[in-house]
Amino acid sequence: MSKNVLLCGVGGQGTVLSSKLLAAAAMAKGIPVLTAETIGMAQRGGSVTSHLRMGENMYSPLIGKGQADLLLAFEPGEAVRNLPYLKKGGIVVTNTRPVRPVTGTLTGVDYTGMEMVDFLKAKARRVIVVDGDQAAADLSSSRVLNVVLLGAAVESGVLAITKEDIRAAILAKIAPRFHELNMRAIDYIKTEENENHEDQ
């Protein structure tokens, strides 16, 4: 059975690396994979979106609207922006930690990210929330929040990928000096889950 995963965030959050780890884990299990990225201006907090499709009988790497089984969001505002891609009954895994846009900084608008999380909980059937600030504090690094979220996505059970598969991909794709931190990150699972029976 094929699965569609849309990963989204902003430049510098490791969205593309997470997509590569997922793809490597799937290919190592013999699962066909198609991927495509849309990369914004990383220096200015531009949007980054990765389409990842795994399984048989796929002819395009792009996920159509209403077709994503899983929306994996590294920034809550980006989760809301990409919500139209989620299929009915699909799962959202999102970080609570916002990346304040340049426009917000210039205008003084307060953006905590939680208003976006509340919106997601109201619109999506199943929402798994990762407290990014707490994870960064517990791991003494914010650089591996992408791997923390990847661990939460794998734990959701929607993918035919295990944490052991991701660990193997980390060993293959990430420099050895970062292995220990990433291994701790993939096992860091402190999430809040919301199930909305009023499906989107």
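Helix α1 passes helix α7 in a right-handed crossing, a term for the near helix being turned clockwise from the far one by less than a right angle, with anticlockwise giving left-handed. The contact (heavy atoms within 4.5 Å) is made by Leu21, Leu22, Ala24 and Ala25 of α1 and by Asp165, Ile166, Ala169, Ile170 and Lys173 of α7.

The model is a predicted one, in which local features need pLDDT of at least 70 and side-chain atom pairs count only at pLDDT 80 or more, while totals for chains, interfaces and linings use all residues. Residues are numbered from 1 along each chain as its sequence is written, and side-chain values use heavy atoms, with hydrogens and water left out.

**The helix pair**

Two packed helices are described by the angle between their axes and the distance between the axes. Here the axes, lines fitted to C-alpha atoms over the stretch in contact, with angles from 0 to 180 degrees between N-to-C directions, come within 8 Å and cross at roughly 115°. Helices α1 and α7 are therefore roughly perpendicular to each other, the term for angles of 65 to 115 degrees.

| Helix | Residues |
|---|---|
| α1 | residues 15-28 |
| α7 | residues 163-173 |

Ile166 has a relative accessible area of 0%. Not counting residues up to four places away in sequence, Ile166 touches Leu21, Leu22, Ala25, Leu150, Val154, Ile161 and Ile186. Ile186 lies 20 residues from Ile166 along the chain, and their C-alpha atoms are separated by 7.9 Å.

**The whole protein**

The protein has eight helices and seven strands, a strand being a DSSP run of E with at least two residues. Of its 200 residues, 50% are buried. Among contacts between residues at least 6 apart in sequence, 64% join residues at least 24 apart.

The mean pLDDT, the predictor's confidence in each residue from 0 to 100, is 88, and 89% of the residues reach 70 or more. Confidence is lowest in helix α3 (residues 102-107), at a mean of 52, and highest in strand β4 (residues 68-73), at 97.

Technical notes:
Helix = DSSP H or I, 4+ residues; strand = E, 2+ residues; numbered from the N terminus. Buried < 20%, exposed > 50% of the residue type's maximum accessible area, 1.4 Å probe, protein only. Parallel < 35°, antiparallel > 145°, perpendicular 65-115°, else oblique.
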